[in-house]
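Visitor: I would like to go through this entry and ask what lies behind the labels. Please set each value against its cut-off.

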Amino acid sequence: VPATSQVRRISNAEYDRIVRDLLGVTALHAYGDSAPSNLLATDQEGGLTDVGWAGYKTVAEAIAAQVMADPTLRASFISCDPAVGTCLHDTVVSFGRRAYRRPLSADDIAAFDSVIAKGSEITPTGAPLEIAEALLYLFLVSPSFIQKEELQDVADGAGHLQLSSYELAARLAFLLWGSLPDRTLEQSADDGKLATAEQILQQAARMLKDPRARDMVSAFHRSYMLMGTNTRWDNTNKDPSLFPAFTRELVGVMQQETELFFDNIVFAKNGSFEDLIQSPVAFVNSSTAPFYGLDPAKFSSTLTETTLGATRPGFLTRLGFLNAYSGYQGTSPILRGAFITKQVLGIAVGAPPPGAEQTPLPPASDQLDTNRKRFDAMTSGPQCAACHHTFINPPGFALEAFDTVGSSQTTERSTGTAIDTSADVLTSYYGPAVHVSGPAELMAAIAQSAGAKSKYVSEWIAYTTGRRGDPGDSCAVNGITAKMSTSGYTVQNLITDLTQTLSFRVRTAEQ
Amino acid sequence: MKNTGDIMNRNNNRPLARRLFLRGIGGLTLAAPFLTSLNEAKGQSATVPKRLVIFYTHNGCLTDRWFPKVENGPLAAADLTGTLAPLAQFAPKLLVPRGFRSMNAFGKGQSIDPHDQACGSKLTCAPLNDDQNRYPQAESLDHTIAKLINPNKSTPLVLSVGAASTKIKEVISFSAANTPFPANVNPRTVFNALMLGAGTSSNPSAPAPTMSPEVDYRLKRGQSVIDFVRGDLSRLQKLKMSSADHNRVQNWLDLLRDTEVGVGGMMGNTGSMQPSACTSDTAMKLGVTDASLTAASPTGKITPGVFDGGTASSEGDKNLATSFTAGGDMMMNLIALNMLCDANRVFVLMYPGYVVFNWDGINDTTDHHSISHRTGSIIVTGTCLANVLDHINRIDQWYAGKFAKLVGLLDSIQEGGGTLLDHSATMWLPELSDGAAHNLNNLPIVIAGSAGGYLKQGAAVNVEGSPIGPGNSDNSCQDGANKGDTGSTTGNVPINKLYVTLMNAVGCTDNGGKVSKFGVMDGMNATAGIANPGEVAALTSSV
C-alpha cells in the first residue's frame, strides 16, 4: 500500500465542485462570474504560498458575501433565523458536518462559539446575519475544509492504518465525483456502514449513477487520451491548400466526438474495454460527416449517434485521434504508432536517441512512392529501427488507412500508389508479433492484449490517486486487469472495483 | 510610464487615506489605512533591495537574427538592429552574455524529450527523473535566491500568461527536488495576494475607508481569523505525521505569523517597513485599477471544463489572446508594484510555447511550437511551411517588444538614486536556442540593469573566448526547401557560472563570502558535480 499524505489540499477543480455541491455557487458575481478556482493559485503539492493563502481568503470572502446576499443560496448554509436562540451554534454543527466531511469535534465547536461570542466586535454592526457571514468565511478558509485530512491513527494489525468511516466516505466522494459526500453517503459514514468491501461497493455502484460520476469518467478519458490545453489535440491544424474542408472550428467538435464516444460506451452501452477499442459507434454532425464518407445532408449541426462500418472500430479510428496525431500536411505513422505503443499498449519504448530528431524524411521518389515507405526508410538506421521497425511504426502503418484529416484512403494522394495497411504488430514487449491486414484486425489485437488492459487500469489508478507507476499499486493493477478477461466485465465494474483495492481501504504513513 | 518617477519616489509620502496595500489584515476587509501613520513615524529603511526578474520564452528563436552585431565589447544602440531592435534605446543598460549553454543539451546528457529536458534542467542544473513526470532532482535558481534575499525567505513570485500547470513542459520553477512550483496566471489573483483578503473590495480606485470606530472591528476580525486558523492547524501539529506533512502545516502557520507581524508590528511581508510608495496612487499610475484588472483577467475558466482538461472553445481562444496581451502587460505592472511594496524580490514571468499567436497583428494558424519546427506540426523533419521564417521572426520580435516593455517600465520608476531597473537584474532567458534544433548551446540571453552596479552595462561579453557566431537558424527553409540542420556547436560555457554571477549580483552570500556554486552539475555527467565553479568576472563591472 503506497504511503499517502494526510493533509493534501483539495485541487482547484475539486474546490469548484465542492462549493457547487455545498453552497450552489458556481460563479463569483464579484469577479465577473468567473469560476471560483480562477481566483485561486495554481495547484501545487508543496507548501502553501502567500499567493495561495490570499487566494483562499479572497474566494472565501466573495462566496460568503454572495451566499448571504441570496436567500436561496443562504438556505444551503443556514436554515434558521440567526437572531433566534442557538441558531448560529446549530448552523456550525450541521453545516460543519458537511463542509468538514466529518462531525465537528468539541474543540472545533468551541472555536466557532468563541467567534460567535465576539460577533459584535468583529462585524460592522454585530447583526446576526453579519456574524453568520463571518462564520461561513471561517469555514471556507479553515484547514479542515481546504485539506483532505486522513488523521485516524489506528493500526489494522497487518501493517496498515485504518481509515475512519468519514475518511472512507470522503475518499469515495473524491474518487467518483471529485467532490464531497452527499447526504446518503454521510449517513452511511455516520452509521458505520462503510466497514466492509461490500458496503463500499454498494455505495460506489450507487454513486456511479450520479451525473457527477459521468463528468469524472469524461475527465479520466481526456487524461487517458492526453487531451487538454496546449496539447496536440488543442493545437491540431491542417494545411488549407491540401485540406480545404478542415477548419480550426472542427477541432473542438472532433474532440467532443471522442468524449461522447467514451461516455456512450461506458454509460449508455455499459460497455467493456474491448468495446472502447472496437465499437462502431460514432458521433457525427454535418461538418464531420464528409470526413467519415457520410452524406452531410443527413446530419444536423448536432453530433448524433451513428454506427460506422467494421473498418472504423473504436476511438483510435475516430476523427479526433487521427487528426491530432498527424502532421500539418501529411499523416505521421510515428505519432499514431507511438501513441498506440506507449499510451495504449503500455510498452515502454524510450525517447529517441541523440540526433534522431534531425534525421531527414526522405522525399517521395519512384522507390519511395508511399508515406509508409518514406517513414520506413527514415527509421531504418540501426539506432532507430530497434524501436521504430519493431514497435512504433507497424500500428502506425495499419492506420495509414486514414489520411491526415481522418478520411479513408486506399491510394497515396501524391503518387496514386496503393497503400499497404498490413503490419506485424507487437502488442507486448516480448511478442510474438500479430499480423494484421489493417485497422480492424489491429483493433482486435489491441482489444485482446493484456498489456493494453493493464495500461488502461494503471491509467485509472494514476488518475484517481495521483500516483503514477508506484510499485505499491501493482497488486491493484494486476488484480483488476485479471478481472477484465472475465466475460461481461464492464468499464463500470472496473471503476467500482477501484474502491475494492486494499490501498483504497487503508493507508500507510509517509516517512 | 516615463513620467511617473517622481510620484513613485519611495520618500514621497502620500495621504494616509490612499494607502491600501498594507499587508497583514488576515480577515475579511481592506487593510486599515491608519496603520501606515505608525509606519511613517518609524521611517523608511535606507537600503534599496536588489531583485532578479526572469523573462522566459519557449521554442527558441532565429538565433542569427537575434544576437547583436557585436559579440564582445561595448554595445551601442546601432548594434541592436535585428530582433532586439526594440531594446536599442536601453543599450547602455544591457549586458549580452555570449556563449552559455544550459544543462543538459539534449543529445549530450540524458536522452529524453528536449523540451522536458530544457524546462526541467533550465533553472536547476540538475538531472531529471527518468519517469513520466520528468521532474528535476533539485530546487530551481529562483527558489535558491528567494531563500537568500527575500527577508522572510518567502517563495518567489512565479507568473505566466496563458495556462500553467505542474506538467514539465509548462513549469521551470521547483521549490524542492521533484516539487514543481507552477506559475500563477490570473493577474487578479496576483493583485489580491498583494491586497491580502481584499476580495470584493479590491477596487483600488475606490476611496479608502475613512478612519472610524468601525475600522477597529476589521482589525479584530483579522486577528480572530488568524487565531481560528492557527487553532485548527495546531490540532495537526500535535499528530504523528510525516516530515513532508509537518512542513505543509508549518508553512501555513508561517504565513499566519507573517500576516500577524503585519497587524502588530507594522511589517510588510518581507519583514521590512512598508515602503511609502506602496499606495493605491502608485497602483493607478501603473495602470492597476479594478477596470484594467478585469480587462486583463480571463473570464470563465482558464483551464476549461468541469473537471481538468476540456474542449477547445472560442472562450478559451479569447482568454488566451487576452492573457498574452493585456494579461502579460498587467503582470509586468504587478511585478513593479510588488517591487515597490517590497513584497517579493524574485520574479519569473513565463510565456508558454504551445499556443497559436493570433493577436497584435499576428494571425498564425499553427502554434508556435509547430512553427519553430518549421513544419507546422510536432513533426521535426520534412517540408517547410511557406514563409515559416517570417512567422518565427514575427513572434521573436513580438517577444522582444514585450521584454522591452518590461525593461522600459522598470526603468521609468525612480527608486533611491536610480530606477527599479538599475537595482535589478532583468533577464530574458530562452527555453532553447534554435527551436528546430532544440539546441541549448549559444543561448540568446540579454540582461537589463546592473543589480545595483554589480553587472557590466552596455556590453556584449563573449565568455567562451573563441568566436561563437550567431548560429544557423536561417540555414534552411529558403525557397521551400526541406528543413535542414539549424543548430550550432559553439558556445558551451555552463550556465551555472551565469547563475552564480547573478546570485552574487543580487546579494546572495555563502558563509558571508561570494557564492561560487549553483546546481547539481555543470557538465554532462550528473555524478561529476560542479567542475568549473565561480562566477564570470568579465560579466561584472569590476572587470
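Guide: This is a predicted model, and over all chains the count comes to two disulfides.

Visitor: What makes C80(A) and C87(A) a disulfide?

Guide: The cut-off is a pair of cysteine sulfur atoms within 2.5 Å. The sulfur atoms of C80(A) and C87(A) are 2.0 Å apart, so the pair qualifies.

Visitor: Why is the disulfide of C80(A) and C87(A) called right-handed?

Guide: Because the torsion about its S-S bond is about 85 degrees.

Visitor: Why does C80(A) count as partly exposed, and why does C87(A) count as buried?

Guide: Buried means under 20% relative accessible area, and exposed means over 50%. C80(A) has 32% relative accessibility, so it falls in between and counts as partly exposed. C87(A) has 2%, so it counts as buried.

Visitor: How do you know that C384(B) and C477(B) form a disulfide?

Guide: Their sulfur atoms are 1.9 Å apart, and the limit is 2.5 Å. The angle about this S-S bond is -65 degrees, and the link is left-handed. The pair links distant parts of the chain, 93 residues apart: C384(B) is in the loop between helix 11 and helix 12 of chain B, and C477(B) is in the loop between strand 15 and strand 16 of chain B. Both C384(B) and C477(B) are buried.

Visitor: Why is C119(B) in no disulfide?

Guide: The nearest cysteine sulfur, that of C125(B), is 14 Å away from it. C508(B) is in no disulfide either, and its nearest cysteine sulfur, that of C125(B), is 14 Å away.

Visitor: What makes C119(B) and C508(B) buried?

Guide: C119(B) has 1% relative accessibility and C508(B) has a relative accessible area of 3%. Buried means under 20%, so both count as buried.

Visitor: Why is strand 3 of chain B described as largely enclosed by the rest of the structure?

Guide: Because five of its five residues, 94-98, are buried. L94(B), V96(B) and R98(B) point one way, while L95(B) and P97(B) point the other way.

Visitor: How do you know that strand 3 pairs with strand 14 of chain B?

Guide: Pairing requires at least two bridges. Strand 3 and strand 14 of chain B have two, in the antiparallel sense, with L95(B) opposite I447(B). Strand 3 is also joined to strand 15 of chain B by four bridges, and these two run parallel. There, V96(B) stands opposite A460(B).

Technical notes
Residues numbered from 1 in each chain as written. Chains lettered and ligands numbered in written order. Predicted model: local features only at pLDDT ≥ 70, side-chain atom pairs only at ≥ 80, totals over all residues. Heavy atoms only, no water. Buried < 20%, exposed > 50% of the residue type's maximum accessible area, 1.4 Å probe, protein only.
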